[in-house]
Amino acid sequence: MRRREAEAAYRDRADQLPQEDAVLLIGAEESLHEEIALLAAVAGVRLHTAPSWGEAPDGDWAAVLCTPQALPPTAAQAEGVLLVGDEPSALWEAAAAQPGLVPVPLPQAERWLSEVLVSRVLDRAQGPVVAVASTGGGAGATTVAYLCAAELAVRGQRPALLDACPGPGSGALELVTGAHRSELEGDHGLPEGRLDWERLLATEGEISAKHLANALPGADGVAVLTGSADPQHCRRLLPAVLRAARRAFDAVIVDVGTRAEIITALPEPAERTILVARASPRAAAAAKRLRELLPHSAAVLALNRTAAAGWGPEEMQQAVGLPVTAELAEQRWLARSDHVGEAYHLLRSRRGARIVAGLLQGLHIEPPEGWDG
């Protein structure tokens, strides 16, 4: 039942996907409109205009610009507003009268303004990033990443799962192709019009958050980016993809598998990290090495597979210095499953759902307000 509800919610949200972040220009000078519109287009930012503050549409703008002929009516409204124009003396005079304004003389400051518009948009990223790393092949990083994303979807959120170790045999790829078996086309194994790493690598220019939100294939309410491209090429593109995904989704789960170096390729440290390991001395040593790459990240351990003799959650926690928030080894049937999507059955059991919910809680990802489980 939970799977059907998540899939229905994924389809229903198609008409509610976020628009690109936009900036607002207030002023009536048409020549300036054209100049700012060109800068916005180069920066990949949508521009809205209004002749006066009274006619400005309501909106949560990434940036607000105005001209000296259309100054904010109050000091509070002037705070942080970019004052643009081609007459420097008029700009400095207006900025002196309203200290909250930021004067931007054109064309001298065109490059600076373009960079500011891009940064204002990118800084509005909302979705937390969770990296899921494995201490060894077969530890279950993809399964854990998928379970966390699927549980978020069940809670009514919009998660994305980024397969940062794509290639033949990828669990995430099999998850998507299994969900769209009747829509497959060509050798990509994805429905026509859907994005995978190969198609993204062929894309020129800035990656659009709206494009990701619309074109990533879905499985169990989770938007998935996967494919069979060279992982090194994907690593190069990962920072740009991640920036767009954070703007498009409520949370972004990055499956880095055993490729610890991918963690260092993230544009900024992941806010949260899950280290998936077997309870054993060897896995504990590997987990400690991974932890050293994440000094600023809130990290937790998820135990999977049968534990080594004399090892359990307490021994792993003491050896690695991280809390153990999930013990998937209790679900021994997962070790016999070849298809990641079969792990969804874990969320259907009260015990399994509690394990995954505890894992998310350990990462400080709480259910949305009003969620009753």
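Tutor: A disulfide is counted here as a pair of cysteine sulfur atoms within 2.5 Å. The model is a predicted one, in which local features need pLDDT of at least 70, side-chain atom pairs count only at pLDDT 80 or more, and totals for chains, interfaces and linings use all residues. Residues are numbered from 1 along each chain as its sequence is written, and side-chain values use heavy atoms, with hydrogens and water left out.

By the disulfide rule, the count is 0. The cysteine sulfur closest to that of Cys 165 belongs to Cys 234 and lies 9.2 Å away, which is too far for a bond.

Accessibility is classed as buried under 20% relative accessible area, exposed over 50%, and partly exposed in between, with a 1.4 Å probe and protein chains only. Cys 165 counts as partly exposed because its relative accessibility is 23%. Cys 234, with a relative accessible area of 1%, is buried. For the protein as a whole, buried residues make up 51% of the 373 residues.

A further cysteine, Cys 148, belongs to helix α6 and is among the residues there that meet Val 356, Leu 359 and Leu 360 in α15, where contact means heavy atoms within 4.5 Å.

Terms used:
Helices (H or I, at least four residues) and strands (E, at least two) are DSSP runs, numbered from the N terminus.
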